[in-house]
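Please look over the structure shown below before reading on.

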Amino acid sequence: MTRMAFVIDLKRCIGCDTCAVGCKMENDVPASRHRLKVLDPLNEPALERPTGAYPELKQHWLPTMCHHCDDAPCVAVCPTRALWKRDEDGIVVLDKDRCIGCRRCEEACPYDALSFDAVTGIADKCSFCDHRLAEGKEPMCQAVCPTRAIHSGDIDDPESAVSRLVAERDTYRLGESSGAGPQIHYLKP
Amino acid sequence: MTPLGHRDQVVLLGAGQASAQAADQLRRSGFSGPITLVGDEPHPPYQRPPLSKAYLVGAHNPDWLYYRPAQFWAQRAVTLRLGTPVEAIDRAAGVLRAECGSPIPFDRLLIATGGRARPLAVAGANLPGVHRLRTIDDVDGIRSGLDHARDIVIIGGGFIGLETAAMLISSGRQVTVLEAGPRVLGRVAPPEVSSAMAAIHAERGVDIRTSVTVTAIEASSGRLAVITGDAIFPADLVIVGIGITPEDDLAREAGLATDNGVVVDDLACTSDPRIHAAGDCAAVFDPGAQAYRRRETVHNAIEQARAAALAWAGTSQPYRQAPWVWSDQYSHRLQSVGGSEGADRSVLRGDQRRFSLFHFKSEQLIGADTLDRPDDFAAARRLLNGPRGMAVASAIDSGVALSALAPRQPMAKFERPFSA
């Protein structure tokens, strides 16, 4: 069975926010809302905040969006099944027409991956650009990344590029101890 | 309680939100034994809230009514016995006795039978063209009569009545709402909310009559006439939405404790430790009211069922969250959390058209009603379920951001420092 995952190379990420901009444009994400954020190690929006002393300065960033968890906490609490895990590819899907704006998902998600309309409360989140996947294209964040830090593919296929990257590099997943099985694999810098 | 063994048979009686949640939670908790879900309707578990909203006028994908796609139940090895009315819970034998077919044995039973539409006890209440609104079949019946219906009378000004009125007047029909109480939403919302919603409906042309008692419904010349004390309301179609009563007959006849519902504790356990109950049919003790109360909300069905399933799986997580409910009418979203009963002070933020109303009792926040202010609703729920609460002064001071009083759960942090 296919299980779509992101693999993000933190050694390549330069915190330029192009992925966030590309995501907004592709998915028509309104101002003040987000599907993807790039954070610095203090969990704040990407800033130039290097550590160390010149010339040994270091800086890393963390692009994060919906982690499309195996056992997604948002899916477990959604009262209307507006959020559900698609069997065929593991993508956590949001049907906005079924969303009642209760924001239980917000309380459950460890990744702050959802944003909400200020009047209706209707949720929004990363769709893995499934409309692009259906056309054989990669997610927009991946397509626009100037340093090719973002990869996506079937993590259950040992021959896939993402599986090879995970096998070859030292990786970790954010909040893995939650047991949710997040499917963004970060390659350590 | 002894955790479930993998040969124990779990039976979920009722095919609604609570049973669907319990089945899901049991499988998530690792239970691999047999689960049987028994329902008297022919449909797999479906959602009732859309019935009085978009589904009523055919604007809702019918497939979306169902909690899960059909294959879900087979994949999780949940046996569905639908269209199977149960006539008795035989606790001594540990079986359900169905009206037809073999008995259904259980080691653990969840009673999630929900409620039945409260009947209108007047002459003519069963005439053709007079409908209740509780099930898919009820609504399909209404829809089949809508094509030729211009004048519609809705009896009952609660959530169901007003949501139905909003959908039907938006589809070009004349709608009259007859409410027995002095205001709409009188059982579920404070007067300020009732006034706001009544004004919204009046602007759209809904004729709302309060303090009106229906005494009879008559048929004449192919139409209906709803008779009240001093008026007659002609109608092509009548919808009755005057609340529900709990389906607790089976539990009572089986000797379980009942009090306007199946009495349960905060783990959803009945007076028989093998049997739990959840959802609209279950009554839990309310210390504030010193009485057993039912909570007819989706949230309650989900959390009670989850508490029951977790208890069976060996994890006791009492359900003590503030109840919440929502209602969509036109483009407006009304959201309530906690309650306003017993409040000695209410604080309004916003204006008459878009507001939040916070209710306090002895300086403690006990609930909030919000109209088109979902951020306030979310913050109020965090405040009510969290340890900190909110002071009256903070509610009054519109300069105080609720999000600051009730911060969202922090995002998962970097779990180890990056080192190149």
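In chain B, B:S220 stands opposite B:R223 of strand β14(B), where strands are DSSP runs of E with at least two residues, helices are DSSP runs of H or I with at least four residues, and both are numbered from the N terminus. This is a predicted model, in which local features need a pLDDT of at least 70 and side-chain atom pairs count only at pLDDT 80 or more, while totals for chains, interfaces and linings use all residues. Residues are numbered from 1 along each chain as its sequence is written, and chains are lettered from A and ligands numbered from 1 in the order in which they are written.

**Confidence**
- Chain B has an average pLDDT of 93, and 97% of its residues score at least 70; pLDDT is the predictor's confidence in each residue, on a scale from 0 to 100.
- The scores for the model are ipTM 0.81 and pTM 0.88.

**Sheets of chain B**
- The strands β13, β14 and β15 of chain B form an open sheet in the order β13-β14-β15, with antiparallel pairing, where two strands pair if DSSP finds at least two bridges between them.
- The edges of this sheet are β13 (214-220) and β15 (232-235) of chain B, each of which pairs on one side only, and its neighbouring strands are turned by 20° against each other on average, direction ignored.
- Strand β14 (residues 223-228) of chain B runs antiparallel to β13(B), and six bridges join the two.
- Another open sheet of three strands in chain B has the order β4-β5-β6, again with antiparallel pairing, and its edge strands are β4 (86-90) and β6 (104-105) of chain B.
- Strand β5 (residues 95-98) of chain B pairs with β6(B) in the antiparallel sense over two bridges, and B:V95 stands opposite B:P105 in β6(B).

**A helix pair in chain B**
- Helix α1 (residues 17-28) and helix α7 (residues 298-312) of chain B have axes that come within 8 Å and cross at roughly 35°; axes are lines fitted to C-alpha atoms, for helices over the stretch in contact, and angles run from 0 to 180 degrees between N-to-C directions.
- Among the residues that make this contact are B:Q17, B:A18 and B:Q21 of α1(B), together with B:V298, B:A301 and B:W312 of α7(B), two residues being in contact if their C-beta atoms, placed from the backbone, lie within 7 Å.
- The residues of the contact between α1(B) and α7(B) comprise 11 nonpolar, four polar and one charged, with Ala, Val, Leu, Ile, Met, Phe, Trp, Tyr, Cys and Pro counted as nonpolar, Asp, Glu, Lys and Arg as charged, and the others, Gly among them, as polar.

**Domains and chains**
- Chain B is divided into domain 1 (10-116 + 245-312), domain 2 (130-242) and domain 3 (331-405), with bounds that come from an automatic or database domain assignment.
- The C-alpha centres of domain 2 and domain 3 of chain B lie 30 Å apart, and seven residues of domain 2 are in contact with 10 residues of domain 3.
- Between the chains, 27 residues of chain A are in contact with 22 residues of chain B, and the side of chain A that touches chain B has 13 nonpolar, seven polar and seven charged residues.

**Backbone features of chain A**
- The peptide bond from A:Y54 to A:P55 is cis, with omega near 5°, and A:P55 is found in the loop between β2 (37-39) and β3 (62-64) of chain A.
- A:C129, a residue other than glycine, has a positive phi near 45°, and A:C129 lies in the loop between β7 (123-124) and α4 (130-133) of chain A.
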